[in-house]
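Good morning. I will go through one structure today, starting with its aromatic rings and ending with its sheet. Please look at the screen.

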Amino acid sequence: MAFLLYRFRDSIRSKDILIISPNKVFADYISNVLPELGEEHIPEIGMDELAVELLENKYRFQTFFQQVYSLLEKPDHRFIERIRFKSSFEFLSKLNQYLIHVENNYFQPEEIRVAGTVIPFPFIQERFRAYHRMPIMKRFPEVIGDILQHLRGLVNRKLTGREKTKVWEAVPRMFRIGSVMELYRDFYDWLGRRDLFTQFNGDGLEYADVFPLIYFKIRLEGTTTHEKVKHLLVDEMQDYTPIHYAVLSRVFLCKKTVLGDINQTVNPYSASSANTIEEVFPQGEIVKLMRSYRSTFEITKFALSVKPNPDMIPMERHGEEPQVKGFAGTEDEVEEIRRMIVKFKESGYQSMGIICKTQRQASALHSQLRLPDVHLLTADSTTYAQGIALTTVHMAKGLEFDEVVLPLVTEKNYGTEVDRSLLYIACTRAMHRLTLTHVREKSTFIVRET
């Protein structure tokens, strides 16, 4: 962004750029970085905030944070199946096939008898199809206007209010579906998979349904495009799906920069690669950035032992070897973390991240440490504070710390392929020092002895 603002300083300003950020803590973090580069504040919005705006605050829904929480705390194979399907390019193709089906079959014109004459249904059908580039419900006023104009020519007089009202009421009734939600539910009936649509907490939407519903709303009712945005930056691209990008392409007509790392996904069932995104943006240029600048050579090498990435080139900046420390009990582990906090305060480092797998674990450790200068970050946090942050892998995405401590790195806590990705993300938050702690049996993903 700093480069764009320098290179195109005559045509683009900071207020013309919008960043889609994963959470408010990340947004606050980068707002501190940009002034250091001599740039003004750049507007940002979270994907959940964008969804609230596009749905006009009419629907309750599960957030991405809540989706990840459910996958980590209480995974369910049917829930995973729904997420996996709705995150696929096949799903987007099915949505588009269904919308073609709706276009061809759900508007069923009937003749209108008004003002002593008949408007035949072929005329209404022809006028409806003449506006095929417009969202379906936006066509109704246009079709009605054409009918009224045609009618005035036939009767050769001004129409009464009652006659106009009859036409205005008749045309929308010719469309089988009355609302966006009704259309979205009908899609699963058409698909023969009603089981793939499930409410969240009674009457809310699951996160995987939020952007498909927005896509239907855009196709049915249209949307206001963000014309003031001249460049859109999407970070953590791997956390968004083809349907997210299909929505973004319609809401933001500007140039876009989409950044991410497929190895850093907190939900592998809905992860997108550059190749997946390219199917939505076929004109896009893919640039692969292989060199890792954040961490020391030793930390990067350790992270790659957890989750190999043969393409990554670690920078030759050397430092301490990562440490793996085992303890007989939880009290000993917590006491060692307290000692590391004291050592950090004397080290000259500016930031320390204590990163747990889940929010429940982070909250529990915060209570056990009982230290006032350890800041607990949650989904509701809005600011990034220098010093010591206790948080989850999900909240730490995009952040970096001079020193990182990873507690509870046991086989039970980090045992699945999802956990492997989380552990890799957590390790790569460290710039200079990395320590992993565990009680009894350590995770088998830690293959290097230290």
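Are F91 and F187 buried or exposed? Both F91 and F187 are buried. Buried here means under 20% relative accessible area, exposed means over 50%, and partly exposed is in between, using a 1.4 Å probe and protein chains only.

A word on the source. This is a predicted model, where local features need pLDDT of at least 70 and side-chain atom pairs count only at pLDDT 80 or more, while totals for chains, interfaces and linings use all residues. Residues are numbered from 1 along each chain as its sequence is written, and side-chain values use heavy atoms, with hydrogens and water left out.

Now the rings. A pair of aromatic rings is described by the distance of the centres and the angle of the planes. Rings of Phe, Tyr and Trp (its six-membered ring) pair if their centres lie within 6.5 Å; planes under 30 degrees apart count as stacked, over 60 as edge-to-face, and the rest as tilted. Searching the whole structure gives 20 aromatic pairs. One of them is F91 with F187, an edge-to-face pair with 6.0 Å centre to centre and 75° between the planes. This pair links distant parts of the chain, with F91 in helix α6 (residues 89–105) and F187 in helix α10 (residues 180–191), 96 residues apart. Helices (H or I, at least four residues) and strands (E, at least two) are DSSP runs, numbered from the N terminus.

Why is the pair of Y384 and F401 tilted? Its planes are at 45°, with the ring centres 6.3 Å apart, so the pair is tilted. Y384 lies in the loop between β13 (374–376) and β14 (387–392), and F401 lies in strand β15 (residues 401–406), 17 residues apart. Both Y384 and F401 are buried.

Ring pairs also link residues into a cluster, including F91, Y106, F187 and W190. Y106 has a charge at its face: R176 lies over it, at 4.0 Å from the ring centre. The charged end of R9 sits over the ring of Y6, 4.7 Å from its centre. The rule for this is that NZ of Lys or CZ of Arg is within 6 Å of the ring centre and within 35 degrees of the ring normal.

D146 counts as buried because its relative accessible area is 16%. Its side chain makes a polar contact with the side chain of Y131, at 2.7 Å. A polar contact is a pair of N or O atoms within 3.5 Å; within protein, one must be able to donate a hydrogen and the other to accept it, and residues adjacent in sequence count only if both atoms are side-chain atoms.

Last, the sheet. Four strands form an open sheet in the order β2-β1-β7-β8, with parallel pairing. Two strands pair if DSSP finds at least two bridges between them. The edge strands, β2 (44–46) and β8 (255–258), each pair on one side only. Strand β7 (residues 231–234) is joined to β8 by 4 bridges, and L232 stands opposite K256 in β8.

V258 is also in strand β8. V258 counts as partly exposed because its relative accessibility is 26%. Leaving out residues up to four places away in sequence, V258 touches V234, M237, Y245 and I277, where contact means heavy atoms within 4.5 Å.
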